[in-house]
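Please open your viewer and get ready to select a few residues by number. We will go from stop to stop, and at each one you will hear what to pick and what is there.

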Amino acid sequence: MKSTIRFMAIRNVAFAITLVLTVIGLGALFAKGLNFGLDFTGGTLIELKYEKAADLELIKRELGQAGYTDAVVQSFGATTDVLVRMAGDDPQLGTKVAEALRKIDPDTGFEVKRVEFVGPQVGEELRDQGGLAALLALGGIMLYLAFRFQWKFGVGAVASLAHDTVITLGILAFFEIPFDLTVLAAVLAMIGYSLNDTIIIYDRIRENFRVLRKADLIENIDISVTQTLLRTMATSFSTALALIALLVFGGDTLANFALALLVGVVVGTYSSVYIGATVLVWLKLRVEDLIPPAVTEEVDDRP
C-alpha cells in the first residue's frame, strides 16, 4: 500500500517516550500518592434543605470562603436538597457549616436535615474492592485474548492497559486530583475503551496475515493500523468532544471523571499502537502462531 503510514519506524523513539512517562507516573504515585477523596478516606456528610432551588456553584464558593475548601457539593434528589461532604469527624461540623453559610449569605433560607459520619473503614473496603476489580479485569482480558487470538496478543493487551493505568494514575497523583469513586469508574471505563481499540487493531493484524502473505510483521502492523486509523481517530475525537463538554459544563461533580477519562482516551489511543502492537514485534509474532494445531486422528489398527 503506497499510502501506508510507517508507524513502526519510530517504535524505538515511542518506547523511549513511553518509558520516561511511565517512570514519571510511577514516581508521582510513590512520591505523592493518590489524593483519595471522602469515598475512600471517610468524612462527614451534611444534608441541607433549601427553601428555593439551590445554586451548587455558589454554595461551593461560599464554603471555600468559610475555609472548607475540600467540600464536595452535590444535588440530592430535588433541586432544593443538597449534600455536602467534607473531611473530619466533628459532631458539630454540620452546625458550624450552617452558621458559616448563614453568615456569608443571611438571606438564604435552609435547614440542616442530617449529619452523618462515614468512617475510614468503609473507605478502606471500597479501596480494596476497587483495586481487586481492576486486577480481575486485567486477568480476564488476558485470558479472553489468549483464547480468542493467541497468548502473545494477551501479553500485548495487558501491557498496553497497565501502561494506560500507570500514566493516568500518575497524572492524577502529580496534579493531586481527588480520587473518588467517579474517578475510579473513569479508570475502569478507560480500560474498556483502550481494550476495544487494541482488539480492533489486533483483529485487523490477524486478518491481514491471511491476505498479505508476503508482508512481514512490521509491514503488516503498519498496514493494519493505517486501515483502522480513520475509525480510531473518529471514535477518539467524538469521545474527547463529549468529555470536554462534561469537563466544561458538568460542574465539580463530573469534572474529575471527565478529566481522568479524557487522559485515558488520549493515552489509550497511543498505547494501542505503540505498546500493544510493538509487543507483538518484541515477541516475534508469526503467521504460524495463528494456525491452530493439527488434530491427529487415532488409527484403529485392531483386527
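Predicted model: local features only at pLDDT ≥ 70, side-chain atom pairs only at ≥ 80, totals over all residues.

First, some ground rules. Residues are numbered from 1 along each chain as its sequence is written.

**Stop 1: helix H6**

Select residues 151-174, which make up helix H6. Helices here are DSSP runs of H or I with at least four residues, strands are runs of E with at least two, and both are numbered from the N terminus. How far apart are the end C-alpha atoms of H6? They are 34 Å apart, which agrees with the 34 Å that its 24 residues should span at 1.5 Å a residue. The expected span is 1.5 Å times one less than the number of residues.

Now colour H6 by accessibility: 18 of its 24 residues are buried. Buried means under 20% relative accessible area, exposed means over 50%, and partly exposed is in between, with a 1.4 Å probe and protein chains only.

Next, pick Gln150 and Lys152. Gln150 caps the N-terminal end of H6, with a side-chain oxygen 2.9 Å from the backbone nitrogen of Lys152.

Glu176 has a positive phi of about 55° although it is not a glycine. With a relative accessible area of 48%, Glu176 is partly exposed.

**Stop 2: Leu145**

Select Leu145, which belongs to helix H5 (residues 120-148). Is Leu145 buried or exposed? Its relative accessibility is 0%, so Leu145 counts as buried.

Show what surrounds this residue. Leaving aside neighbours within four places in sequence, Leu145 is in contact with Gln150, Phe153, Gly154, Ala157, Leu195 and Ile199. Contact means heavy atoms within 4.5 Å. To try a distance label, pick Leu145 and Val158: they are 13 residues apart in sequence, and their C-alpha atoms are 9.5 Å apart in space.

**Stop 3**

Go to helix H1 (residues 11-31) and select Thr18. Thr18 is buried, at a relative accessible area of 5%. Which residues does Thr18 contact, leaving aside its neighbours within four places in sequence? They are His163, Tyr270 and Ile275.

Now select Ile10, Val13, Ile17, Val20, Leu21 and Ile24, which make a nonpolar surface patch of about 530 Å². Patches are made of residues with over 30% relative accessible area and no salt bridge; like charges are joined within 9 Å, and nonpolar side chains (Val, Leu, Ile, Met, Phe, Trp, Tyr) within 5 Å. Accessible areas come from the Shrake-Rupley method with a 1.4 Å probe, and for residues only the protein chains shown count as cover.

**Stop 4: salt bridges**

Side chains of opposite charge can pair when their charged atoms come close. How many salt bridges does the structure hold? There are five. A salt bridge is a side-chain nitrogen of Lys or Arg within 4 Å of a carboxyl oxygen of Asp or Glu.

- Select Asp81 and Lys49, whose side chains meet in a salt bridge at 3.2 Å, N to O. The pair links distant parts of the chain, with Asp81 in strand E4 (residues 78-86) and Lys49 in strand E2 (residues 43-50), 32 residues apart.
- Select Arg231 and Asp197, whose salt bridge is 3.0 Å, N to O. Arg231 lies in helix H8 (residues 217-249) and Asp197 in helix H7 (residues 181-211), so the pair ties together parts that are 34 residues apart in sequence. Asp197 is buried at 2%, whereas Arg231 is partly exposed at 29%.
- Select Asp203 and Arg206, where the closest N and O atoms of the salt bridge are 2.7 Å apart. Both residues lie in H7, three residues apart, about one turn of the helix.

**Last stop: Lys284**

Finish in the segment after helix H9 (251-282), where you will find Lys284. Lys284 has a positive phi of about 55° although it is not a glycine. At 63% relative accessibility, Lys284 counts as exposed.

Key: Heavy atoms only, no water. Polar contact = N/O pair within 3.5 Å; in protein donor to acceptor, adjacent residues only side chain to side chain.
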